[in-house]
Amino acid sequence: MKTDFSAEQLADPEIAAADGILRTCVHYGFCTAVCPTYVLTRDENEAPRGRIDLIREMLEKGGRPDPKTVRHIDSCLSCNSCMTTCAVDVDYLHLSDIARAHIEAHHRRPLGDRLLRRLIARTIPEPAGFARMSRLARLARPVRTLLPRRLRNLVDLAPAVLPPASDLTGVHPAEGTPRRRVALLQGCVQQVLAPEINAATIRLLTRHGFEVTVPAGAGCCGALTLHMGKTEMATAAAARVVDAWDAERDAGGLDAVAVNASGCGTVVKDYARVLERDPSRRGKAAAFAAIARDVTELLAPEELRLTKTAIPLVVAYHDACSLQHAQNIRKQPRALLRGAGFEVRDVPEGHFCCGSAGAYNMLQPDMAEALGRRKAAHVESTGAAAMAAGNLGCLAQLARFTALPQLHTVELLDWATGGPLPAALRDTELPVPIPRRSASEPDTVPAPSATPQQPDSAGPGIW
Amino acid sequence: MSMDAFLRAAESGLGAEHVNTADETLTRYAENTMPGGDRRPAAVLYPGSTGEVAAAVRLANEHKVPLFPTSTGNNMGLGTRSAPAEGMAVLDLGRRMNRILEIDERLGFAAVEPGVSFQMLADELKRLGGQWMNSTTSGPPQGGMIGNALDKGAGYGPYFDHFGFSCGMEVVLGTGDVIRTGDGSIAGDSLINWHVSKYSFGPILDGLFAQSNYGIVTRLGIWLLPRPPAIRSFHFTFPDDDDLEAIVELCRPLKMSNFVPTLFRVSNDLYLIGSEVPSPAYAATGGRESISDDARKALQREHGLGAWTVSGAFYGPSMEAMEPQIGRAVEHFGSVGKATYIPHQEALEKPALECAIASFSGEPTHTELGLLKWRPGGGNAWFTPGTPMDGRIANEFQKLGRGIYESNGLDYQVMNVAGPRFARGLHVISFNREDPDECARADAAYRALAEAFFARGVAVGRAPIDWYDFHMDKLMPSFRDACGAIKRALDPNGVIAPGRYGIY
């Protein structure tokens, strides 16, 4: 695509970066059919190709953006499904970040919108603030029908009960001889809403020879505010995390940074760019980005220290967008779950977002709900007894629309390797345990093939 | 012709919200990847049913307005969703007519509307339990199944021939009349054989609607293959360009007996590697020269692939059960002493071979779309001749084609999709569409290729919109006359896609 920026505009590194990205787009349009907002609205400006054009116009013109453009950028999920399918690798992820920062700097939103965004950006990333907001939301439940749509939505999204707080900061020694030392990012919302995920991660990793350190200062990674265009808040959060890991590396060394919320993982792996304007941290940020791993990248199926019996639970595996589209991680979680003895089923329309998308389901409740219902129906269509995913946001979102037990991948892996029965499965009728075969016996795990799903019965053909 | 009056009538018939003349919309529908430039339509209409399509066609007859039907608009390398000429009213069937109308899990067929994509049907079959699979192309997952079948598109498995494995159409003719083909032509509602039998009473009209402009197909039956419990691919890579001769000789008997149930994908180095990385040589030459042999060899080493790579797959009850067939294939390809075997598990880790495995498995994939970025600027045209499965001829064609690419400063990227007697050669012409000189060379290369192959008795399997007339002019006059006569019979005012495939 041709662009028309002046030399003065291109002196701004953000505009220069946007210009480079815009020029790669040649309007093939593969992105449109995989874009959830386009599929639901059939509006060209609700697709990446249309948004890219709008962003080009907005940045070329400079200054105050057209409210129509703001509306279409706001409605983008940042699911990055478009990037997976783009034939020419348009870096839409960063282009939309630049566009959002421009909007944040040059657009005055209506008062209600400003207040809502400020509330989300200031409370969600702080565990204590999030807990307070959840309690407030619960108190507001009796009058929810009197609230405006988006506030009512916030009340609906708040958990009915928060689990007891647990402090996991500190060093968790490896069982046996330590193989590697990793820092676990405990995140912001996750440690309040689902502390069992971090606990299961620590058990799983330490059981497999990892020394796990959870630095107190490494909380919110900055993802939530980054995708809201609040760059300063995002970089401040990222800086705090990098400083905490830096201190930890100095204290005991770090082989990897483990992330178990894929939305966070995507941003941590991009820290080199997030902190590129911070000369004191730029190098460290790049170094931590280089060793950042989703937790499923740290283990191989053959390394799992499995219990003597397997529970052949049928699990629908939901690909979080941030794992499949942003980090290109699809095979590893499935291989680990299958290796642990679970029957893993793919979810139809797996490339589609569930509507969680960071703060999206708080800011765009109607679209988020439509996508959530659509995804939940697909999950249920698999006939699985439970659903697993690698991102808390997806689990929380889908729990609103399906009664299927929602589990983080690590909870299942922890259970299969000696951890407790995940709380989400306590009321589920479980299959009868079956003995695992010893290493000398033939492999019971189906070899990965191009045909991940197998028919339940004899099927229509004979082979 | 009165486009304005047509659009006013269409708005009252379809609803104003289903008639779009916005500038940005028309710009989008004009876009394609051809050297000949974009073709801006006059309007875009979104019919929602066969009845609405028929109504639009009748209105077009009344106002003498040309219509251009598209399904999902993913005809990449052949015109995308652009009409062959400017000023037509696009009938976008993909927007609202995107329903899977029926799936018969006992008899193994689906009936779909034009907007149903390979991905949509694959998702639905997965949702139903994954016992069936649809044949998919290696093109965009959102490509339309009807559009692909009617353009004689193909997949790679046993049901690769998408037109051949379709059965039973509903068609709006150029007059606005609606017909059903095959056993669907029975008057009445009891149509139990519509999508399972092609050849009952009367002439077989279905073929008239492939690569033509005689009607608008609004429903098509598509046969499904039972999904095998296991699919095990195999791959052999060969070091030299001229190894194609031996490869073709090796593939033929395996397909003649159907020992291998899939087609063979016989891909050259730059076809496979180009799906992964852009040309490393482009910047240095500014696209004026072909990539050098030394640079090609370096890419081959880097990606662990030779000059040609053959891919195929077996279907069976388990991975282990197919060990004897794999052994036989390894022995067979190994007999010439030049093949390096790449087993299934290893191939799964090679991005360049990912597409082959997915395609054999009925899994839509975007991985091969990377070919579109081999050169910058988005230009892409597909030249699709074919060769008999005779190694000597196939290799002669290889030398011929390679020479024409190189004389035009373009990079030879080819996949031969091989059956028992014939292989279709998908030649990718990748060029910078923002560079007029490269556009001119792409056009010149296409014409030179087509002339050279035509002189050897070879036509193309599918034609890009820039060269419809060019190809039609190569055919015998009586055949061209017959095409025109049929057009006048079924579409007397010539309202449906005039000029498509050179038919007016």
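How many residues of domain 1 of chain B are in contact with residues of domain 2 of chain B?

## Two domains in chain B

On the domain 1 side of chain B 28 residues are in contact with 31 residues of domain 2 of chain B; two residues are in contact if their C-beta atoms, placed from the backbone, lie within 7 Å. The structure is a predicted model, in which local features need pLDDT of at least 70 and side-chain atom pairs count only at pLDDT 80 or more, while totals for chains, interfaces and linings use all residues. Residues are numbered from 1 along each chain as its sequence is written, and chains are lettered from A and ligands numbered from 1 in the order in which they are written.

Domain 1 of chain B covers 1–227 + 473–504, and domain 2 of chain B covers 230–464; these bounds come from an automatic or database domain assignment. Their C-alpha centres lie 29 Å apart. On the side of domain 1 of chain B that touches domain 2 of chain B, H4(B) gives the most, with three residues. This side has 14 nonpolar, ten polar and four charged residues. Here Ala, Val, Leu, Ile, Met, Phe, Trp, Tyr, Cys and Pro count as nonpolar, Asp, Glu, Lys and Arg as charged, and the others, Gly among them, as polar.

## Helix H4 of chain B

Helices (H or I, at least four residues) and strands (E, at least two) are DSSP runs, numbered from the N terminus. Helix H4 of chain B spans residues 118–127, and eight of its ten residues are buried, so this helix is largely enclosed by the rest of the structure. A residue is buried if 20 or more other C-beta atoms lie within 10 Å of its own, exposed if 12 or fewer, and partly exposed in between, with C-beta atoms placed from the backbone.

The buried residues of H4(B) include Phe118(B), Met120(B), Leu121(B) and Leu125(B), and also Asp123(B) and Lys126(B). Among the elements that cover them are strand E8 (343–346) of chain A and helix H5 (145–150) of chain B. After H4(B) comes Gly129(B), with a positive phi near 120°.

## A sheet in chain B

Five strands of chain B form an open sheet in the order E5-E6-E10-E8-E9, with antiparallel pairing. Two strands pair if DSSP finds at least two bridges between them. The edge strands, which pair on one side only, are E5 and strand E9 (178–180) of chain B. From one strand to the next the twist averages 15°.

Within this sheet, four bridges link E6(B) to strand E10 (residues 215–223) of chain B in the antiparallel sense. In E10(B), Gly221(B) is the bridge partner of Ala111(B). Helix H3 (residues 50–63) of chain B lies across E8, E9 and E10 of chain B and runs at about 40° to E8(B). For such angles, axes are lines fitted to C-alpha atoms, for helices over the stretch in contact, and angles run from 0 to 180 degrees between N-to-C directions.

## Strand E3 of chain A

Strand E3 of chain A spans residues 210–214, and five of its five residues are buried, so this strand is largely enclosed by the rest of the structure. Phe210(A), Val212(A) and Val214(A) point one way from E3(A), and Glu211(A) and Thr213(A) point the other way. In a regular strand the side chains alternate between the two faces of the sheet.

E3(A) is joined to strand E1 (residues 170–172) of chain A by three bridges and runs antiparallel to it. Val212(A) in E3(A) is the bridge partner of His172(A). Strand E2 (residues 180–185) of chain A is joined to E3(A) by four bridges, and these two run parallel. Glu211(A) in E3(A) has Arg181(A) opposite it.

## Where the chains meet

Between the chains, 31 residues of chain A are in contact with 42 residues of chain B. H3(A) gives the most to the side of chain A that touches chain B, with three residues. By class, this side has 14 nonpolar, eleven polar and six charged residues.

## Positive phi in chain A

Most residues other than glycine have a negative phi, and most peptide bonds are trans. Asn80(A) has a positive phi of about 65° and sits in the loop between helix H6 (67–74) and helix H7 (81–85) of chain A. Asn80(A) is buried, with 23 other C-beta atoms within 10 Å. Asp89(A) has a positive phi near 55° and lies in the loop between H7 and helix H8 (92–106) of chain A. Asp89(A) is partly exposed, with 13 other C-beta atoms within 10 Å.
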